Amino acid sequence: MNGWSWGRFSVIATSVLLFSSVTSAQASGESDFDALDYIDPFIGTENGGMVKAVADTQGENQGGFAYDTTHVTGFSHTHDSGTGGASSMGNFPIFVQPNCPGANLTNCSWKSSDRASAWKRDSPKARPGYFSISLENGVHAEMTVTNHSALYRFGFTGATGNLNPVVLLDIIDLPESRNNGTASVDPKTGRLTGSGNFNPSFGQGTYNLHVCVDFEGAHIHDTGSWTNTTANIGQTKVSINSAQPASQFSAGTFVRFDSVPADDVITARVGVSFVSVSQACSNAEKEQPDFDFDGTVTAAETAWRRKMDVITVDSTGVSTELQTVFWSGAYRAMISPQDYTGENPLWESDEPYYDSFYCIWDSFRGIHQLLTLVDPISQSRMMRSLVDIYRHEGYLPDCRMSLCKGWTQGGSNADVLIAEAYLKGVVDVDWDTAYEAIVKDAEVEPQNWNVEGRGGLESWKTLGYIPKNDVDAGTEGLRTRSVSRTVEYAYNDYCIALMADELGHTSDRDKYLKRSNNWRNVYKADQTSAINGVDTNFTGFVQPRNADGSWAYQDPIFCSPLLNFESCYLNEDGHETYEGSCWLYTFFVPQDMAALIKTLGGADEFVSRLSYLHDSGILYLGDEQAFLTVFQFHYAGRPAVSAKRAHSYIPSQFNTTVGGIPGNDDSGAMGSFAVFSMLGLFPVHGQDVYLITPPFFKEVSIRNDITGNVATIRNVNFDPSYKSIYIQSVTRDGEPWTKNWIGHDFFAKGGVLELELGSKESDWGTRVVDLPPSMSEYAEDAPEGGLGSHIGKKLRAEGARIAILYAPFEASRRDELLAAGYSDAPASGPNDIRTYECDITSADSVRNAFTSITNEMTAADLSDRAFPSILINTAGYVSLSDMHLTPPEETLKHLTTNVYGPMLCAQAFANLYFAASKAASATDPAPPGRIVNLASKAAHVALHQHGAYCASKSAVLGLTRCMASEWGPRGITANTVSPTVAWTDLGKKAWGAEGVKEALLEKIPTGKACLPEDVADSVVFLCRDSSGMINGGDIKMDGGYTIR
C-alpha cells in the first residue's frame, strides 16, 4: 500500500511484542545461536508493538526514523510499521536539550523545525527491544518498550557547558494532523500529561490519544509550558484548538532539571492510552514500576527468544547476509496488526481488539499466512477481532488504524482472510458470524464504500464487471480502479464459495463460483501491448469496459515502472488499475489458473508471457500483487522456473542494506515474502495451497504452537552456492510426493518433506495431475511427448499403422505417453496402434518384440496393405561430463543405446521386411522399405562435455550408410536426420531456462530451435515412395549450426 507517495525505504523503530507474535529460530546444532543477532531493524523498515519508541527525523518519516535523513526532531512513542504514504502517528514527542544557552529558556529551541538536531551517522543501534542514537547537541538517547509504555534513557557525555537539561513534550504528531489538544505539567513531580485529537494517516474520522511522562535521575529546577518560540515558566497547562493548525502552531510543556554530571542519565517513563490520561499513567506504572531500563531490555529479549524456537533452520553454508534477510523479514512480518485489547473506547466487548490492519490489501498475501504457521493463536485472535469489528461497525474492514476506518484499496479482502483461516482450521472463531460478514460484503453495498465493503454491486451483479465511471447512484466512493476491482471481486467471491462449500451452503457456493468467472468480462482478447513503440508480441489483456459493454482503453503498461508509475493511487484521477498495470492484473486469476493459461495460449505461451513480465521492467515487486507471479510458473508445470525466479529477487532486492527491500515494507508484507520464499513453501492466499520450491537452507522446521507437531522441509544435495536449486524428486514421510504443492495439513500434522535437488530442471511436478488446484481442468496437451511421438503422429495421419516399442522403465506410464502423443491424431482404422515392451539394448528383447509383431500380422492386415515397411529409430541417451571424467559405464550406455540398439532393431526389421517381401505376390508387390535413424548435430561437430554422445551419433551415420549400401539392392533405403536441440518437453527442460535458450539461439543462423514437427516432416518425407533416390543421406535440421 502506498496511498499518496512512494516515500523512502529505510525507516526503523524499536519494539518488543510481549503480547503478540514473534518468530525466530535456532540453527540446527548451534547451541549458542541467537536469532536476535540476525535481526537487523535497519533493513528498509521499522519495527514495533502498540508502543514503538524511536527518534523522529525530518523528511520522509512514515514510521519515525529514516536512515536517509540528517536531523532528529523528537522521540515519539507510537508508530505504524512501514506503511508508506503519509506519516503515521508519532504523537506527543519529547525532546531533550542539554541546556539553554545562558541558562535562559528563551534561548532554547521549541518548535520541531527549530529544535532539530543533527544525528551522528555511525551512532544508531537497533535490536528487538532496543534503539539508540547520538545527537550533535550532545545527547545520547536510548529507548526500550513494553506493551503500553516506553523507557528513555538520556545521557549527556557529548554535551558542553553547564548541564541543566530541558525535556519538552509537544502536542503534535508526525503528519501534523492534530485537531486539538492539551498538555499539563505537575510542578512538584515533573509529570507531563497530554491529550489530543488526531486524524488517521490513511482513513477517515479522528482518534484521541493520551500520554503520561514521569522522570527519574535528576532534581526538578522548574517547569512550565511553551508556545511556538516562547517559554512560560510556572504555567501548568496549555491548550490548542483547530484554529491553530499544527503546521503553523506548536505548544506543549517542559521540565528543566538542576545541573547533572555529564556521566549521569535521566530516565523518562512514558505511558500511552487511547482511553484516558489516567489509564496512560496506570499503564506506565504497572509495566515500568522501577524505571529499570536494563531489566526491560532483558525482558524484551527474553520474550522474543521465548518465541524463537517456533522456527528452526540448519543454516550450514548459508551466508550471514541471507540469514539476516530471513530473520529480519520474519521479525518485521510479526509487528502488525497490533494488540490493542483493553485500549478500545469505542465499544465494550470480551473479544480481542487488534488495530493497525494497515492494510489488509497488503497483508492478506503473506503476513497472515505466516502468522497462521508460526503463531496460530495470534492469528485466531486477529480473526476474532475482525469478526467483532463487523459486529459493532457493520462491515469487515479492508484497512484500519488508530481506531479509525481506513481506505479500501480494492476488493473486500478480509473475505479472503476469513475463508482461508476457516480452510486451515484456525481455532476459536465464531464462523457463523464470520460467514455472515463475508456474505454481506458480497451482497450489501455500504453507503460509503471508500472505507468498507464493496462499491458497484449493482453493476457487479447485472453486468458481471465494474464499469469505468460506474454511476452507482446514492453511494460514496472513488469511481476508479474498475479493472483491478473486477478481478479482486471475482477472487473475493471465489474465496466465499470455498467457505460456503465447506459449510454446506451449496446454493451460495454455486452463485459465488459463477461470479468468480467475472474476470473474463474484462479480458480483451485482441488487446496488444507495446513498449516504446515496439510490440511485445503478446495479445490479450484485461481492459476497462463501459457500462454499455463497449471497451475503454488503458495502455497495458500504464502504472508500471515503464509508464506513469505513480498514476494509479486513491484519487479522483487514479485510473482503472490500482498500483499496478493491466499487464500485472491480467495474471490475477488465482482461482482458475488453468482457464487463464488456456486463455493466454497454453502453458508454453503462459511461461513466456510471465517471464516477460519479470524481465521487461513492467513488474515492480514492491507491490504485493507481484508476489504470486514469482511462483505462478507452477501452474504451467514449471516449478523449477519459480525456484529460479525466487533466487533472482533474493538477495538482489531483499538484502541487508538500509534500502534492502523493494519500496516500503507495507507493515511487514515484504518481510513475509522473503520468509516464505526462503522457506520453500509459498502460500496461495485464500486457499489451502502452498507451492513447493527448495528452501534457501539445508533444512527448515516449524513447530505448531497449538499441537506441538513439527513440519520439516529438508533439502538433499543442498548447495549453498544455489546452483542446484531444481527439485528432482520429493518424498513426504518417506513416500513419493509428485504434486508441486502441499496443503496446510502438513503443518498441522507435522512430518518431513524431503526434496532431492539437482542442477537441471527435471520432470518433477510437471504432470497435469501434479499441478495446483484450479476451478477448470488443465489442458491435457502436456506433456507433448518426444520426437518419436511427433513422428508417429505424422505417419499415422498419413495412413500408417503404428507399432511402438517402449522401454521397460516407461511401462507404468505407457497409457499416459500414448495419450499425450496420439490422442488428437485422426484414426486410420481399428487397431492402428500397437505397443510392445522392449529393451532395445537386449537382443532377446528385440527378437521377442519383432516375433510378436510378426505373429500379429493377420491376413486381413496384409490385404489392407499393413506391410512392415518403415522403421524409425528415435530412442537415444545423453549425459554430460568432461571427457577425462566420463565413467566407462556412461560411455558404454551411450554406445549400447544409441548404436547397438538401432542396429538390433534394424536387423530385426530388415529380416521381417525381407520375409514379408518374399511372401508378397506379383500383383500385390511389397512397398519400398524405409529406415530413418535419428542422428544429431553432435555427429558433425565437437560439443563440450558431449564426448560419448558425439561418438555414438557419429557411429549412427556410419551404421546407416552401411545399411543403405547393403540393403538398398533389396528394397530398403536408410537415411538419417540430424537435428539441433529439438523443442520437445525434454528439450525445453534442458535448454529452456533463462539465458540458456537465448545463448543457444545466438549460435544458430536462423535464430530458431528445431520444432519436433519440423523433424517429423523431414522423417515422413524420407519415408515417402517418392524419396526412393535418397539413400545413405543425412538431413541436417540445425538452422545452419554446423556450417559455422
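Predicted model: local features only at pLDDT ≥ 70, side-chain atom pairs only at ≥ 80, totals over all residues.

Trainee: How many residue pairs are in polar contact between domain 2 and domain 3?

Mentor: Four residue pairs, both partners at pLDDT 80 or more. On the domain 2 side, helix H17 (669–679) and strand S30 (699–703) are the elements that give two or more residues to the side touching domain 3. H17 supplies the largest share of that side, four residues.

Trainee: What are the bounds of domain 2 and domain 3?

Mentor: Domain 2 covers 310–336 + 661–781, and domain 3 covers 340–453. Their centres, taken over C-alpha atoms, are separated by 27 Å. Across the boundary, 25 residues of domain 2 are in contact with 20 residues of domain 3.

Trainee: What area is buried between domain 2 and domain 3?

Mentor: About 2100 Å², with carbon and sulfur atoms giving 71% of it. The size of an interface is often given as the accessible area lost when the parts come together.

Trainee: How many salt bridges does a search of the whole structure find?

Mentor: It finds 40. Side chains of opposite charge can pair when their charged atoms come close.

Trainee: Why is the pair Asp 388 and Arg 391 called a salt bridge?

Mentor: The cut-off is 4 Å between a side-chain nitrogen of Lys or Arg and a carboxyl oxygen of Asp or Glu. The closest N and O atoms of Asp 388 and Arg 391 are 3.0 Å apart, so the pair qualifies. Both residues lie in helix H7 (residues 376–393), three residues apart, about one turn of the helix.

Trainee: Is Asp 388 buried or exposed?

Mentor: Asp 388 has a relative accessible area of 4%. Buried means under 20%, so Asp 388 is buried. Arg 391 stands at 36%, which falls between 20% and 50%, so Arg 391 is partly exposed.

Trainee: What makes Glu 761 and Arg 638 a salt bridge?

Mentor: Their closest N and O atoms are 2.6 Å apart, within 4 Å, so the label holds. Glu 761 lies in the loop between strand S35 (751–758) and helix H19 (787–797), and Arg 638 in the loop between helix H15 (603–615) and helix H16 (639–649), so the pair ties together parts that are 123 residues apart in sequence. Glu 761 is buried at 14% relative accessible area. Arg 638 is buried too, at 12%.

Trainee: Where do Asp 745 and Arg 732 sit?

Mentor: First, the pairing: their side chains meet in a salt bridge at 3.1 Å, N to O. Asp 745 is in helix H18 (residues 745–749) and Arg 732 in strand S32 (residues 726–732), 13 residues apart. Asp 745 counts as partly exposed at 29%, whereas Arg 732 is buried at 13%.

Trainee: Which residues are linked in a network of salt bridges?

Mentor: Asp 34, Asp 37, Arg 127, Glu 301 and Arg 305.

Trainee: How many residues are in the largest nonpolar core?

Mentor: That core has 217 residues, and those with the most contacts inside it include Phe 75, Ile 94 and Tyr 152. Helix H11 (residues 482–503) gives the most to this core, with nine residues. Another core, of 31 residues, lies apart from it, with Ala 906 and Leu 912 among them.

Trainee: What does Tyr 152 contact?

Mentor: Beyond its neighbours within four places in sequence, its contacts include Phe 75, Ile 94, Met 143, Ile 266 and Val 270.

Trainee: Why is Gly 181 called buried?

Mentor: Its relative accessibility is 3%, under the 20% cut-off, so Gly 181 counts as buried. Gly 181 is in strand S13 (residues 180–185). Its contacts beyond four places in sequence include Ile 171, Val 238 and Ile 240.

Trainee: How do you know that Asn 655 makes polar contacts?

Mentor: The limit is 3.5 Å. The side chain of Asn 655 reaches the backbone oxygen of Pro 651 at 3.2 Å and that of Ser 652 at 3.4 Å. Both values are within the limit, so both contacts stand. Asn 655 lies in the loop between H16 and H17, and is buried at 12%.

Key. Residues numbered from 1 in each chain as written. Heavy atoms only, no water. Buried < 20%, exposed > 50% of the residue type's maximum accessible area, 1.4 Å probe, protein only. Core = buried A, V, L, I, M, F, W, Y, C linked by side-chain atoms within 4.5 Å. Contact = heavy atoms within 4.5 Å. Domains from an automatic or database assignment. Buried area = accessible area lost by both parts, 1.4 Å probe. Polar contact = N/O pair within 3.5 Å; in protein donor to acceptor, adjacent residues only side chain to side chain.
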